[in-house]
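Please look through the sequence and the model that follow, and then read on for a guided walk through some of their features.

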Amino acid sequence: GRGGGEEEEEEETMDRNRRSRQDGKNKEEEEEEDSSPTMIRLHGILTPHECKKLVRSVCKEDQEWNMDIDSVDSFPQDQHDVYTCPFAMRLVKQIDSRVQASAAANIMLKRILSSNGGTKTNSTNNHHIRLIGHFIRRYSVEGRIGFRPHCDSSLFTVNLALSEANVDYEGCGLVVYKESESKRISDAVDAMEEEIEIKKKNKKKAFPATDSKNDDSKSSQKSYSVSDNQQSSLILLQQMGLKPTITTTNSAIGGGNDQEDNVGPRKMMSSVKLDFDHHSKEILRRRTVNISQGDALMHEGHGIYHGVTTITKGTRFVLILFYDVV
């Protein structure tokens, strides 16, 4: 039989041939993209062999996986920053070069510059994109099972699939909302948070139960019911396959580090967080973007809601890169 080295060399050769064919396809597909999309697919950024080798290399470094609590959903991050892995860093530089040189990046940059007060014909010669962060995220039934819908602070984000759906894992779909949908979601969240603050000022309970048994007066019923504004926001979010959760934190006023001593003025801060409503499977399925192993999805960071639904089997690895403009 052949040795493992020969099999690996043959696999690499097949991957190189696949990439060569894909490069031509990439050029054609990028040229056919809408002139102002909020997300663009990038095919064949890595070969399947490179993806598997990258996963193997970072999985050898269990101590390097960051399990700090994520500020978005308060769960362990379960991510590897790859700085300690030479092979991973070489691939990140290779990927960054391909992203920087792609027509997709120029299209995305042009769109974002135009949305910030320019025109769609503005030149991008005086601006260029810069990689500002990257890591590999791991999803598993035993660990991080998904990711709450959110917007990134980056100019745009690249999600590169290192695992193959329905082979390495099941579930765990990347849901990305359109620009118009994201705007409606943002407006609904803002309206709900504004009403929470109004109710707090009026010393009324925010988001009380709708099934109050107190029938003594209309005013009592009204103070314990969901308002019309809240109801319309809830309906809109439900139509997007989302459900809101009210979170309250006891924060120090004016910043500072008085949390450990529990001294100084404090204020109860409330905000609306979103989760996927997994009873709305069809709604979420229509907004799920399927990415094959080695392919990537580039999408706007600012103002575009996206997240990952629950993984039901296996383990999924994704390389995530954040870009800004300089």
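In this predicted model, four strands make up an open sheet in the order 5-13-8-11, and their pairing is antiparallel. The edges of the sheet are formed by strand 5 (147–150) and strand 11 (288–289), each of which pairs on one side only. Strands of a sheet in general pair through backbone hydrogen bonds, in either a parallel or an antiparallel sense. Here strand 8, covering residues 174–176, meets strand 11 in the antiparallel sense over two bridges, and Val-175 stands opposite Thr-288 in strand 11.

If residues up to four places away in sequence are set aside, the contacts of Ile-136 include Leu-54, Val-58, Trp-65, Leu-162 and Phe-317.

Two of these contacts of Ile-136, Trp-65 and Phe-317, lead on to the aromatic pairs, of which the model has three. Trp-65 and Phe-317 form a tilted pair, with 6.2 Å from centre to centre and 55° between the planes. This pair links distant parts of the chain, since Trp-65 belongs to strand 2 (residues 65–66) and Phe-317 to strand 14, 252 residues apart. Both Trp-65 and Phe-317 are buried. Another pair is made by Phe-135 and Phe-322, whose ring centres are 5.7 Å apart and whose planes stand at 50°, so that this pair too is tilted. Here again distant parts of the chain are linked, with Phe-135 in strand 4 and Phe-322 in strand 14, 187 residues apart. Phe-135 has a relative accessible area of 11%, and it counts as buried because that value is under 20%.

A last stop is helix 7 (residues 228–239), whose twelve residues reach 17 Å from the first C-alpha to the last, close to the 16 Å expected at 1.5 Å a residue. Within helix 7, the residues Gln-230, Ser-233, Leu-234, Leu-236 and Leu-237 are buried. Viewed down the axis of helix 7, these buried residues fall within an arc of 165°, and they therefore line one face of the helix. Just after helix 7 comes Gly-241, which takes a positive phi of about 75°.

Methods
Residues are numbered from 1 along each chain as its sequence is written. This is a predicted model: local features need pLDDT of at least 70, side-chain atom pairs count only at pLDDT 80 or more; totals for chains, interfaces and linings use all residues. Side-chain values use heavy atoms; hydrogens and water are left out. Two strands pair if DSSP finds at least two bridges between them. Contact means heavy atoms within 4.5 Å. The expected span of a helix is 1.5 Å times one less than its number of residues. Buried means under 20% relative accessible area, exposed over 50%, partly exposed in between (1.4 Å probe, protein chains only). The arc is that of the directions from the helix axis to the C-beta atoms. Rings of Phe, Tyr and Trp (its six-membered ring) pair if their centres lie within 6.5 Å; planes under 30 degrees apart count as stacked, over 60 as edge-to-face and the rest as tilted.
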